[in-house]
Amino acid sequence: MWNFPTPLPDELIYSTIARAGLHHGIQSPKQLLEEVFQDRKVVATVDLPSHLNAIVHLLQRTGRFSLIDLIYKHTMFGLYAPFVQESHRLKAITLMTEQASGSVHLMFGLNASRVPNKNKFHYCPICIQQQRETYGEYFWNRAWFVPNLPICLKHNCSLLSQDYIQQQHRHLFLPLLPNHTQDLPEPYFKEDFILGQMSVELLQLDPQPSPSHEQWTKFYLEIADAKNCRRGSQVRHEQTYEQVINKFKYVYLNSKNLGINPDQDTSWLKTIFRKHRKAFSFLEHCIVWSSFIPEMTPKDILQYVSSISANQYFVKRPTSTDNIPLVKIEEMRQKWQDIVLLHGVTSGRKIKSGQATYIWLYRNDQNWLLTFNSKHLSKPQVRKNKVNWPIRDFSITKELFKILYRSNDDLACPRMSKSWFLNQLSKGNSISKNLHQLPLSSKFLSTYSENTIAYQIRRITHAMIRLGYTESSTKDRWRILRLAGLSKERITQEAQIFLNMICEKIYAY
Ligand SMILES: [Zn+2]
């Protein structure tokens, strides 16, 4: 094929092939396969495609896309590779060059995985407007395909899903052609943003060898230790459970099919703190990381885990400062204190010298580091006093209006209560404590927060649309109620009146 399109930033290869079909006006899936692969049996795979040598060949003229570039920048490989053994990572790369026949998925545990693979197509309604402005066309961005996390981090919103007869044809490469009237928003949780951020960071990591099972085993023992979740050689699972449940609610974990039962011996949370014999999913890793070491990024963590010596028996970390001269420890502590005073903990770790100092202390003086950091997680005190409240009030209100406009048409959005609005803000927590300094924001919240009545009416409306009801159709009151998650007992009087009106039977109260 001449003029095979160049993959756009973060575009899935699947999407580039679909665009090639669109550009060349090829309607038959088999003909597209013939043109691109010279092979009519290739299966259209969204997340971990194979036959990539053919694509590398088609892109040779650009001088830009190596096989590794395609795999790491234009597939979902980065989400799984760090967690399988190095031999499996290398084998998967080899398989992806030619025919893989599903064995990459099998090797990455995606068939038997507890995290169900996404089978719908998603897109962000705001991202696609920007795509059209920048590139003049739409494409599937891989950040929308992180399994189980239907959100756009860039725009803090839920993704729309195209529920059409997807994969009616296993050889079909479907281009992104938004259909604004039929595509529905996916429900999401605010915790999705924590895991979504980590997942996207995993996708963006540079190619690197995977840590071994032994290294992961040691790493998890260390973090259990750092949080005092160990007694001798035993991990105290009831405490690791507490640690995770404090961050992620039980309902949330269950909704991701990752429920943890403290009484069940085979619960994933228990096995991840035991000897690793198999790969855990990226979501399981990210849930533990953000509950135990929220200050570390996936990049830091992988760098650290890879540096753990595989042969050395596990030494209890926090007491291992004995062999290092006290002067050196003092010097490193001082260095880190200076960095944190200037930049804060989170940004401090991102500057070059900060990263090295952090990792040194993490290895050699973990107790001190974690205690110090926990006291300095917010910005330095000096800056706090300089807050210009009127300006902050104005910018928060602006941000709140953006959230309102973005979510207003999203019928599946959770109740837009005062705390919901605050949770959408980057610093919602600190704002709720300072509302007395923020008259505009307070006014916004009291005016636009959704009460139970409005929320119930919205759910009824959404249920009607999902049931495909029009003005003239006969409405089944019971189905509407069930789909809206309402019952006779819970429905408010106003929502009841609304429901009666649309069912065209107006009861007198
Ligand atoms: Zn977006």
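Predicted model: local features only at pLDDT ≥ 70, side-chain atom pairs only at ≥ 80, totals over all residues.

User: Let's start with α14 and α17. At what angle do they cross?

Analyst: Helix α14 covers residues 298–307 and helix α17 covers residues 352–364; their axes cross at roughly 50 degrees and come within 12 Å. The two are therefore oblique to each other.

User: And the hand of that crossing, left or right?

Analyst: The crossing of α14 and α17 is right-handed. On the α14 side the contact is made by Asp300, Gln303, Tyr304 and Ser307, and α17 brings Gln355, Ile359, Tyr362 and Arg363.

User: What's the class make-up of that contact?

Analyst: Between α14 and α17 there are 3 nonpolar, 3 polar and 2 charged residues.

User: OK, now α9 against α14. Why do you call them roughly perpendicular?

Analyst: The axes of α9 (residues 213–226) and α14 cross at roughly 115 degrees and come within 9 Å. Angles of 65 to 115 degrees count as roughly perpendicular, so that label applies here. The crossing of α9 and α14 is right-handed.

User: Which residues make the contact there?

Analyst: From α9, Gln215, Trp216, Phe219 and Glu222; from α14, Ile301, Leu302, Tyr304, Val305 and Ser306. By class, the contact of α9 with α14 splits into 6 nonpolar, 2 polar and 1 charged.

User: What about α8 and α13, how are they packed?

Analyst: α8 (residues 192–203) and α13 (residues 282–292) pack at about 115 degrees, and their axes are 10 Å apart. α8 passes α13 in a right-handed crossing.

User: Who meets whom in that pair?

Analyst: Ile194, Leu195, Met198, Ser199 and Leu202 of α8 meet Phe282, Leu283, Cys286, Ile287, Trp289 and Ser290 of α13. That contact has 9 nonpolar and 2 polar residues, with no charged ones.

User: Switching topic: how many cavities turn up?

Analyst: Searching the whole structure gives 4 cavities of 30 Å³ or more. The largest cavity holds about 80 Å³ of space.

User: What lines the largest cavity?

Analyst: Its lining is Tyr72, Gly78, Ala81, Pro82, Leu202, Leu205, Asp206, Gln208, Pro209 and Leu302. By class, the lining of the largest cavity is 7 nonpolar, 2 polar and 1 charged.

Terms used. Residues numbered from 1 in each chain as written. Heavy atoms only, no water. Axes fitted to C-alpha atoms, helices over the stretch in contact; angles between N-to-C directions. Helix = DSSP H or I, 4+ residues; strand = E, 2+ residues; numbered from the N terminus. Parallel < 35°, antiparallel > 145°, perpendicular 65-115°, else oblique. Left-handed = near helix turned anticlockwise from the far one by under 90°. Contact = heavy atoms within 4.5 Å. Nonpolar A, V, L, I, M, F, W, Y, C, P; charged D, E, K, R; others polar. 1 Å grid on protein atoms, 1.4 Å probe; cavity = no way out; pocket = protein on both sides within 12 Å on 5 of 7 lines; lining within 4 Å. Points joined across faces, edges and corners; volume = space filled by probe spheres on them.
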